[in-house]
Amino acid sequence: MDDHTVAAEAAHLAGRRLLAVRAEGGAAGDRHADEILFEYLRRMRPNDAILSEESPDDAARLEAARVWIIDPLDGTREYGEVPRTDWAVHVALAVDHTPVAGAVALPACDTVLHTGSPPELPPRPAGPPPRIAVSRSRTSDQVRGIVTALSATPVPMGSAGAKAMAVVRGEVDAYVHSGGQYEWDSCAPVAVAASAGLHVSRLDGSPLRYNRPDPYLPDLVICRPELADRIIGAAHRVG
């Protein structure tokens with residue numbers, strides 16, 4: 001089984017468990033999903049390292065070329081708000097700091113998007129202003145400034161994975177974030193988005209790098225390629 005399939009199957013299994021225990025709440029969901037992902041990845045890729053939001057960090061990962069970066073439940077708040085669908089499971093493999101395989105499960109939508117079968121990016125209608133997925137509750141001043149500078153339409157959503165996959169699926173044109181995230185929030189969404197032909201980078205245009213000593217990764221942009229220069233330029237002007 002190749003790495004793309006491992007990522008997709010792991011995300012699917014964790015998503016099924018999350019649906020089954022949703023009534024127990026986010027803390028239980030996080031725990032159940034983390035256990036499933038660890039068990040599956042340890043069985044399928046016993047020699048690889050794992051970095052998870054829900055488990056203690058093992059510094060040995062810094063010496064590993066292959067590291068699975070996982071978020072067992074991205075969007076805990078939305079998971080607890082039945083019947084919201086904007087929560088996700090993230091499973092990605094970073095090799096030498098670059099995402100090479102990944103899957104984002106949207107369990108409430110019965111969907112897993114993954115790098116083994118990259119989604120085809122739908123065409124964007126000409127004319128309307130860009131639609132930008134933003135945080136439901138903590139949109140930063142910088143992101144608000146970018147939305148204003150581009151005369152864009154903000155589309156509030158929950159999970160980072162749900163926002164990124166909304167770009168992949170053509171529901172919005174970009175996902176812009178600043179003000180705080182970690183590697184597990186973006187690694188799998190970035191892998192899937194890049195495989196679909198989207199632009200992925202930091203807000204200053206520099207590459208996104210993973211499996212660093214400090215997993216804090218505060219900003220990113222995932223967008224249609226034709227919007228990348230405009231968004232990065234607006235980010236620079238807004239500061």
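Predicted model: local features only at pLDDT ≥ 70, side-chain atom pairs only at ≥ 80, totals over all residues.
## Basis

Local features need pLDDT of at least 70, side-chain atom pairs count only at pLDDT 80 or more, and totals for chains, interfaces and linings use all residues. Residues are numbered from 1 along each chain as its sequence is written, and side-chain values use heavy atoms, with hydrogens and water left out.

## The cavity

The structure has one cavity of 30 Å³ or more. A cavity is a set of points on a 1 Å grid over the protein atoms alone where a 1.4 Å probe fits but cannot get out. The largest cavity holds about 40 Å³ of space. Volume here is the space filled by probe spheres set on the points, with grid points joined across faces, edges and corners.

Its lining (residues with an atom within 4 Å of a point) consists of V134, S135, R138, T139, S140, V143, V176, H177 and S178. Strands β6 (131-135) and β8 (174-177) each supply at least two of the lining residues. Strands are DSSP E runs of at least two residues, helices H or I runs of at least four, numbered from the N terminus. The cavity lining divides into three nonpolar, five polar and one charged. Nonpolar means Ala, Val, Leu, Ile, Met, Phe, Trp, Tyr, Cys and Pro; charged means Asp, Glu, Lys and Arg; the others, Gly among them, are polar.

## The largest pocket

A pocket is an open set with protein on both sides within 12 Å along at least five of seven lines. About 300 Å³ of space lies in the largest one. It is lined by 22 residues, of which R138, G158, S159, A160 and K163 are the closest to its centre.

Helices α3 (76-79), α5 (160-168) and α6 (183-195), with strand β8, each supply at least two lining residues. α3 gives the most, three residues. The pocket lining divides into five nonpolar, nine polar and eight charged.
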